[in-house]
Amino acid sequence: MEAFAPGRVVIAIGVNNIIQGVALSATLADLQTMIDLCRSIGAEPAICTVAPGESFAATTALRDAWQRQNQAVRALCAAQNIDCIEWEDAYLNPASANSA
């Protein structure tokens, strides 16, 4: 990544983790590694929430995991002053995404 010298890196992580049952703690650890890598080369990370998909409606467990992950991503972004890209909100309320 350093060879490209990005000023900003958008991180979209989590859909596969949720579907595959990866522990939230492992997903957050991976996110922290990506954040640290971005900052080590002077790039500002931005992290996306996960938009709901049909597979998340399949079971209560998937829906709960999706909601927990998005809450954790928002908290991580707030705690570390990182921009949070709200794919969930844009999916659920497209009118609000167009007004940003």
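Predicted model: local features only at pLDDT ≥ 70, side-chain atom pairs only at ≥ 80, totals over all residues.
Residues are called exposed when their relative accessible area is over 50% and buried when it is under 20%, with partly exposed residues in between. The buried residues of H2 are Thr-27, Leu-31, Ile-35 and Cys-38; because they cover an arc of only 80° around the axis, they fall on the same side of H2. The packing partners of these buried residues are strand E1 (8-11), helix H1 (15-19), strand E2 (44-48) and helix H4 (60-79).

The length of H2 agrees with its residue count, since the 17 residues of the helix (residues 24-40) should span 24 Å at 1.5 Å a residue, and the end C-alpha atoms are 24 Å apart. Ser-40, which is found in H2, is exposed with a relative accessible area of 56%, and its side chain reaches the backbone oxygen of Leu-37 at 2.7 Å. The C-alpha atoms of Ser-40 and Arg-8 are separated by 12 Å, the two residues being 32 residues apart along the chain. Following H2 is Gly-42, which has a positive phi, near 85°. In the segment before E1, Ala-3 is exposed, with a relative accessible area of 77%; between Ala-3 and Ile-41, which are 38 residues apart in sequence, the C-alpha to C-alpha distance is 9.6 Å.

Helix H4 shows a corresponding analysis. With 20 residues, H4 reaches 28 Å from its first C-alpha to its last, close to the 28 Å expected at 1.5 Å a residue. Its buried residues are Leu-62, Ala-65, Trp-66, Gln-69, Asn-70, Ala-72, Val-73, Leu-76 and Cys-77, and because these cover an arc of only 165° around the axis, they are placed on the same side of H4. Gln-71, Ala-78 and Ala-79 are exposed residues carried on the face of H4 that is turned away from its buried side. H4 is followed by Asn-81, for which phi is positive, near 55°.

When residues up to four places away in sequence are not counted, Asn-70 touches Thr-49, Val-50 and Glu-88.

In soluble globular proteins, nonpolar side chains tend to be buried together. The largest nonpolar core of the model has 12 residues in all, namely Val-9, Ile-11, Ile-13, Leu-31, Ile-35, Cys-38, Ala-43, Ile-47, Val-73, Leu-76, Cys-77 and Ile-82. E1, H2 and H4 are the elements that give two or more residues to this core. Apart from this core lies another, of five residues, among them Ile-18, Leu-62, Ala-65 and Trp-66. Within the largest core, Ile-47 touches Ile-11, Leu-31, Ile-35, Val-73, Leu-76, Cys-77, Ile-82, Asp-83, Cys-84 and Ile-85, residues up to four places away in sequence being left out of the count.

Side chains of opposite charge can pair when their charged atoms come close. Where a side-chain nitrogen of Lys or Arg must lie within 4 Å of a carboxyl oxygen of Asp or Glu, the count comes to two salt bridges. One of these is formed by Asp-83 with Arg-8, the closest N and O atoms being 2.3 Å apart. Asp-83 lies in strand E3 (residues 83-85) and Arg-8 in strand E1, so this pair ties together parts that are 75 residues apart in sequence. Both partners are partly exposed, Asp-83 with a relative accessible area of 41% and Arg-8 with one of 43%.

Another salt bridge joins Glu-86 and Arg-74, with the closest N and O atoms 2.8 Å apart. Because Glu-86 lies in the loop between E3 and helix H5 (87-92) and Arg-74 in helix H4, the pair ties together parts that are 12 residues apart in sequence. Glu-86 counts as partly exposed at 24% relative accessibility, and Arg-74 likewise counts as partly exposed, at 28%.

Key
Residues numbered from 1 in each chain as written. Heavy atoms only, no water. Helix = DSSP H or I, 4+ residues; strand = E, 2+ residues; numbered from the N terminus. Expected span 1.5 Å × (residues − 1). Buried < 20%, exposed > 50% of the residue type's maximum accessible area, 1.4 Å probe, protein only. Arc of directions from axis to C-beta. Contact = heavy atoms within 4.5 Å. Core = buried A, V, L, I, M, F, W, Y, C linked by side-chain atoms within 4.5 Å. Polar contact = N/O pair within 3.5 Å; in protein donor to acceptor, adjacent residues only side chain to side chain.
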